[in-house]
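This briefing gathers selected features of one chain, grouped by topic, for reading alongside the sequence and the coordinates.

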Amino acid sequence: MPDPIPRPARDWLSTLARYREPSTRRSLWELGVTLVPFLALWALAWMALSVSPWLALAIAVLNGGFLVRIFIIQHDCGHGAFLANRTAQDWTGRILGVLTLTPYAVWRRTHSIHHAHHGDLDARGIGDVLTLTIEEYRTRGWFGRLLYRLYRNPLVLFVLGPGYLFLLQNRLPFGLMKSGWRYWTSAMGTNAMIAIGLGLILWFGGVWPVLLIYLPTSLVAATLGVWLFYVQHQFEETHWSKGEDWQLHDAALEGSSHYILPQPLRWFSGNIGIHHVHHLYSRIPFYRLPEVIRDHRALAEAQRLTVRESLRSVNLHLWDTVEGKLMSFKEARRRYGVA
C-alpha cells in the first residue's frame with residue numbers, strides 16, 4: 001500500500017523544494033527539441049501546399065502538438081521554473097508568447113491568480129473554468145441558467161471556446177484592464193509581433209498558409225490546451241471550499257488531478273498531467289515532475305485520472321457543497337430537484 005499523503009499538504013513543500021532548480025543545459029535542450037521540429041514542420045507544411053492542401057493541413061494539425069509543448073515552456077518561464085537567469089527567462093517567455101498567441105506578462109499575472117486562489121469559492125473569476133455551486137445555480141433566473149448551460153456545453157468549451165480565447169480574448173489584457181501599462185504593453189507588443197508575422201506570411205505565401213497552416217496549428221494547440229486545463233481541475237472529487245475552510249496547499253494538491261497520459265502525449269504536454277505536484281510546488285521544471293512521482297509513491301497514486309475517466313468529466317457541471325463533489329445537471333435534478 002502507498003504511504004498516506006501527509007496532512008496538511010504543506011508538509012510536502014520541504015520535500016518538493018529539492019526538485020525546484022532548473023538545469024540550464026537541460027532547459028535549452030528541451031527548448032531546442034521543441035522549437036526546431038515545430039519550425040521544420042511549419043516549413044514542410046508550406047512546401048506541401050504545392051503538392052496537396054490536405055497534406056499541408058495534416059502536417060499543420062500534427063504541429064499543434066509541438067505548439068502545446070511550446071506553451072508549456074512559456075508556462076514554466078512564467079513560474080520562474082525554466083532558466084536561472086530571470087531576464088533570459090522572461091524574454092524567452094515573451095518570444096514564445098508570439099507563437100502561442102498569449103501575451104506573456106498578462107498570462108503570467110492571471111495564471112498566478114489562478115494558482116493563488118484555485119479551489120476558493122470566494123475568489124473565482126480569473127484563470128478558472130467557471131463553476132457554480134448547486135445553490136448558486138438554483139438562485140439564477142432562467143436566462144442565467146441557460147447561459148451557464150451554454151457555457152458548460154462541450155461545443156462551447158472545447159470547439160468555440162479555445163479559438164475565442166487564443167485568437168480574440170488574448171488580444172486585450174482582460175482581467176487586468178485597469179492594472180497598469182505593463183499589461184497593455186505585453187498585450188499590444190505581442191499583437192504587433194503577431195501582426196508582423198502574419199503580414200510576412202501573407203506577403204510571401206498569400207492567404208493559404210494562414211488558412212491551412214497557421215490557423216489549424218493554433219486552433220489544435222488551443223483546443224488541446226483548454227482540454228488539459230479542464231480535466232486537471234474538473235473531476236468528480238476535486239476540491240472547492242470557502243472562507244476559513246479553504247487552505248492554499250490542500251486545494252492545490254486535492255483540487256488538481258494526476259492525468260495518466262500515454263507516451264508520446266506526456267512528452268507533447270510537458271508532463272503537465274502531473275498537475276497536483278505542479279500546483280503544490282509550481283517552481284519545479286516540467287521535465288523534473290516525473291522524478292517527483294518516481295521518488296514518492298504517495299504522490300504517484302494521488303488524484304489519478306485516466307483518459308477514459310477524463311472523458312466522463314465533460315458531464316460534470318455543478319459543485320455540490322453537501323457531498324463535496326462535482327455532479328451533472330441530470331444528477332443535480334434527480335437529487336435536489338434543480339431544473
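Leaving aside its neighbours within four places in sequence, which residues is Phe82 in contact with? In this predicted model, the residues in contact with Phe82, apart from those sequence neighbours, are Pro22, Ser27, Leu31, Ile73, Asp76, Cys77, Gln89, Phe286 and Tyr287.

**Nonpolar surface patch**

- On the surface, Trp46, Met193, Ile196, Leu200, Trp203 and Phe204 form a nonpolar patch that together has about 720 Å² of accessible area.
- Helix 9 (residues 181–205) gives the most to this patch, with five residues.
- Ile196 is found in helix 9, and its relative accessibility of 47% is why this residue counts as partly exposed.

**Salt bridges**

- The count of salt bridges comes to twelve, and those that share partners join Arg26, Glu30 and Arg69 into one network.
- Arg108 forms a salt bridge with Asp90, in which the closest N and O atoms are 3.1 Å apart; because Arg108 lies in helix 5 and Asp90 in helix 4, the pair ties together parts that are 18 residues apart in sequence.
- Within that pair, Asp90 counts as buried, at 9% relative accessibility.
- The side chains of Asp122 and Lys242 meet in a salt bridge with an N to O distance of 3.8 Å, and this pair links distant parts of the chain, 120 residues apart, with Asp122 in the loop between helix 5 and strand 1 and Lys242 in the loop between helix 10 and helix 11.
- Asp122 is partly exposed, with a relative accessible area of 48%, and Lys242 likewise counts as partly exposed, at 47% relative accessibility.
- Arg124 and Glu136 meet through their side chains in a salt bridge at 2.5 Å, N to O; Arg124 lies in the loop between helix 5 and strand 1 and Glu136 in helix 6 (residues 134–139), so the pair ties together parts that are twelve residues apart in sequence.
- Arg124 counts as partly exposed at 26% relative accessibility, and Glu136 is partly exposed with a relative accessible area of 27%.

**Buried polar residues in loops**

- Thr131 lies in the loop between helix 5 (104–117) and strand 1 (132–133), where its relative accessible area of 2% makes it buried.
- A polar atom of the Thr131 side chain lies 3.0 Å from the backbone oxygen of Val129.
- Beyond its neighbours within four places in sequence, Thr131 is in contact with several residues, including both Arg124 and Glu136, the two partners of a salt bridge described above.
- Ser256 is found in the loop between helix 11 (248–254) and strand 2, and it is buried, with a relative accessible area of 0%.
- The side chain of Ser256 reaches the backbone oxygen of Ala252 at 2.9 Å.
- Leaving aside neighbours within four places in sequence, the contacts of Ser256 include His118, His233, His275, His276 and His279, and among the others are Gln232 and Gln303.

**Backbone geometry**

- A cis peptide bond, with omega about 5°, joins Gln263 and Pro264, and Pro264 is found in the loop between strand 2 (258–259) and helix 12 (265–268).
- Leu101, a residue other than glycine, has a positive phi near 65°; this residue is found in the loop between helix 4 (86–100) and helix 5 and is buried, with a relative accessible area of 4%.
- Asn271 also has a positive phi, near 60°, in a residue other than glycine; Asn271 is found in the loop between helix 12 and helix 13 (275–280) and is buried, with a relative accessible area of 15%.

**Separation along the chain and in space**

- Glu309 is found in helix 16 (residues 307–312) and counts as partly exposed, at 31% relative accessibility.
- From C-alpha to C-alpha, Glu309 and Val338 are 25 Å apart in space, and they are 29 residues apart in sequence.

Terms used: Residues numbered from 1 in each chain as written. Predicted model: local features only at pLDDT ≥ 70, side-chain atom pairs only at ≥ 80, totals over all residues. Heavy atoms only, no water. Patch = residues over 30% accessible without salt bridge, like charges linked within 9 Å, V, L, I, M, F, W, Y side chains within 5 Å. Areas by Shrake-Rupley, 256 points an atom, 1.4 Å probe, with all protein chains shown as cover. Salt bridge = Lys/Arg side-chain N within 4 Å of Asp/Glu carboxyl O. Helix = DSSP H or I, 4+ residues; strand = E, 2+ residues; numbered from the N terminus. Buried < 20%, exposed > 50% of the residue type's maximum accessible area, 1.4 Å probe, protein only. Polar contact = N/O pair within 3.5 Å; in protein donor to acceptor, adjacent residues only side chain to side chain. Contact = heavy atoms within 4.5 Å.
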